[in-house]
Amino acid sequence: MSVFVGPRASRGTTGSLGGKIVHAFLLVFLLLIGLSIVMIVLVAPGTTAPCSSGQPCGAPPSAPAVIRETAWRSSQYGFSLDYPGSVGTVSQQAPGRLVLATKLDGHSATVAIQGLPPGTAPSQAIAEQVRGLKGLSQLARDGNPAHQLLGAGVGYVSGAGRAYVADLTSPQGSQPASVVSEAASNGHVTVTATVVGASSESGPRSGLYALADLIINSVQWPR
Amino acid sequence: MRRRAISQARHASLGRSLRWRYVAVVGVLAVAVAVSCARQLAPAARGRSGAPTPVGSTNPRTTIEFSLVLRLPGQARLTRFLDNVEDPASPAYHHFIDAAAFGAQFGLTRPALNRATARLARDAVQVTGSYPQRTALEVRATAGTIDRLFGLRLNNYRGAGGRRFHAPIGKAIVPRDLRSAVVAVAGLNNTPIESDAAKAIEGMGPASAKMAYDINPLAARRITGQGEKIALVEFGAYQQSDLDGFDQQFGLPSVTPRDMAVDGGTSDARASAVAEADLDLEVAHEIAPAAQLLDYNAPDATASGADAFGAVVDQIAADGQASIASVSWGTCEAATPAADIRRDEQAIEAAAARGITILAASGDAGAYTCQQDNGSDHRLSVSWPSSSPFVLSVGGTALSTTTTGVYRGETAWQDTLEQSGGGGGLSLDFARPSWQAGPGVANQFSDGRRQVPDVAANADPWSGWDAYTAGALTVAGGTSAAAPFWAASTALIAQYARQHGVRRLGFVDPMLYSIAATPQRAPAFHDLTKGTNRYYPATTGWDFATGLGSPDVYDLAQDVVAYMKR
């Protein structure tokens, strides 16, 4: 109702040029509002007419891609992987290494994929990879059996996996962190995948770990 | 007999100190994953969300509902009947019997049943429900009566979220003068169902699903489930507005499931419970949009102590309306009391005798089903009722398609960090049925026990299913989605078979294994050979991670017709 307060008050000036301009402007303005309302009603998904039983109620959307992925390949070791670009961005990369910043539902974690020369045992690769992590203090093996990695591997090749606890240090202070690392070798290259996140945000059933699993499973080994 | 021996040996060693129940659920923005609740608690029980706290003995005047598992005097004849009814070479092939005939042929006699009921009444145990198949009695008594009659003590607990429940300390002992009629006491606990959830981003809509699994050729022949009825077993209340939203989103005909309330039905409107029911119904509807959906809903254990699953299956068998039933929940088999398994299995066998195919999700924790409830439980374990030899166990895969939805490949669902994957492994309770044979079935892990899953379908949340719940489109995964997918696909195949003059499909497992073991003009399964379920690898032929594989539904329909017409 308050929309009409202005125009009603301006009726006293209908004889003037300014009044005609105001009137014309208001007319166009109201017309545009009316058109907008019609458009909103037509396209709003919640206002679609209910479907009747046995009858299709609208054109089905086209089939979407199940997963939209971005590919990355290690020029040094020849392995490659995919990650969903919508939730993972490259924060560092080198010929043998990719570090992704992943974010899901406001929570974040870092996923680092590292190639190592053939002959590096998976458990040794994990130890090296974890030792080289920056921004962590108080790093120690996670003794909680519930956090043990069962069925660890990379790119569907069985390997080794370890879980750690640490403090994630930043200029804002430190907070408890979870670190999990998996590694596997196909005889030509060893690949490690390490995930670091705040304990409050990552862990099994967090979604972030599922995202990391997706990336780790996607590793394609060089032949 | 072998089956029973294995069961007894296992349960004797287990001591039945624990029972963990999980129900596959889907969070508001999430994937279906199994959910847990302790059933018979012990101090060692440590769930992911913390151990339930004992809060004292159950008030002796509290009324408790539970089940009495009835003796089946004709068990040996029943076993032979079930073997023959699915054997194409037998004169009894597909001569299914209804629930009343099942009761008359294999159950207690009427006088024996009446004597048992009278005996229970003298002890103030009221019979609240029975079934024509005479597999169980639903009963009600005070906690004090139960403690005294069955020689145990009911105790109260406070679980995660402060929810209270009761569970027995000690094993129920059936009084001597009832043993000719009652073999076990089931459902003496009512642990609340807890939810768990993970996140996903992009889902698979009906068009993608139908393209990936080759359903479109059936749709082009107007095979969309007409005349088929699918029972969905639910312990949460679906939202009609969500189903409407899903249908509108994807241009599907609207659906209103028929309410088939059991034991008063469910009113559980927690987001996780609703999401599970929504997902089941939506997946079934998108695959077989013209099939009638029967929502067999029962209170979860919070509202009723009775063994809810057995009661629902008994009701499905007694009604005889649905030819297919889908179950998206289960328990860690290794921790499920023998009484509950026996109660459920008798109901399942009555359903199989009636020609009803029951499909069950194999669980979402890979080879470690019990870890779903207790992160430290690293036993190789499977899910109940998925491990029943009269259930089609449905495992999980990770599906990949092209941008236009064309099937590109599939792997076993394996999420090491997330502790998720398609359930699969060896049953502790049941021997491997004779029909479970074919390439890959007997492998390095086999030991003569029932092997699951039988089949598989997309379940990885990252390649998950579009679902509409809590008023919004989201993505869901888990074998909770794979089971109704297979149920609806089976409905399509049943309609296709009917159009080709073929009778009711009945319990489909023997037929599927036979089809998979025989070279087909139209290969019915995608044999998945990549990945693991966190322990068992996917291999050529049958495997513990993906069973026979995922379906090419149109090819399978043709193969089923050829099989049944031979």
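This is a predicted model: local features need pLDDT of at least 70, side-chain atom pairs count only at pLDDT 80 or more; totals for chains, interfaces and linings use all residues.
View 1. If you go through the elements of chain A, helix 1 (residues 5-9) comes out with the lowest mean pLDDT, 26. At the other end of the scale, strand 7 (residues 153-154) of chain A has the highest, 97. Now look at residues 1-15 of chain A: the pLDDT there is below 50, and the stretch has 7 contacts in the model beyond near neighbours in sequence. Residues 40-66 of chain A also have a pLDDT below 50, and here the count beyond near neighbours in sequence is 50 contacts.

View 2. For the contact, domain 1 of chain B puts in 31 residues and domain 2 of chain B puts in 32. On the domain 1 side, at least two residues each come from strand 6 (63-70), helix 2 (75-85), helix 3 (99-106), strand 8 (136-142) and strand 11 (182-186) of chain B. Strand 6 of chain B gives the most to that side, with 5 residues. What kinds of residues make up the side of domain 1 of chain B that touches domain 2 of chain B? By class, there are 21 nonpolar, 4 polar and 6 charged residues.

**View 3. Two helices of chain B packed together.** Two packed helices are described by the angle between their axes and the distance between the axes. Here, helix 8 (residues 240-250) and helix 9 (residues 271-287) of chain B pack at an angle of about 35 degrees, and their axes are 10 Å apart. The crossing of helix 8 and helix 9 of chain B is right-handed. Helix 8 of chain B brings B:Asp242, B:Leu243, B:Phe246 and B:Phe250, which meet B:Asp278, B:Leu281, B:Glu282 and B:Glu286 in helix 9 of chain B. Sorted by class, this contact has 4 nonpolar, no polar and 4 charged residues.

**View 4. A three-stranded sheet in chain B.** Follow the strands across this open sheet and you get the order 5-9-10, with antiparallel pairing. Strand 5 (53-57) and strand 10 (164-169) of chain B sit at the edges with a single partner strand each, so one side of each has no neighbour in the sheet. From one strand to the next, the twist averages 40 degrees. Strand 5 of chain B and strand 9 (residues 153-158) of chain B run antiparallel and are joined by 4 bridges. To find your way between them, look for B:Thr53, which stands opposite B:Arg158 in strand 9 of chain B.

Definitions and conventions
Residues are numbered from 1 along each chain as its sequence is written. Chains are lettered from A and ligands numbered from 1 in the order in which they are written. Two residues are in contact if their C-beta atoms, placed from the backbone, lie within 7 Å. Ala, Val, Leu, Ile, Met, Phe, Trp, Tyr, Cys and Pro count as nonpolar, Asp, Glu, Lys and Arg as charged, and the others, Gly among them, as polar. Axes are lines fitted to C-alpha atoms, for helices over the stretch in contact, and angles run from 0 to 180 degrees between N-to-C directions. A crossing is left-handed if the near helix is turned anticlockwise from the far one by less than a right angle, and right-handed if clockwise. pLDDT is the predictor's confidence in each residue, from 0 to 100. Two strands pair if DSSP finds at least two bridges between them.
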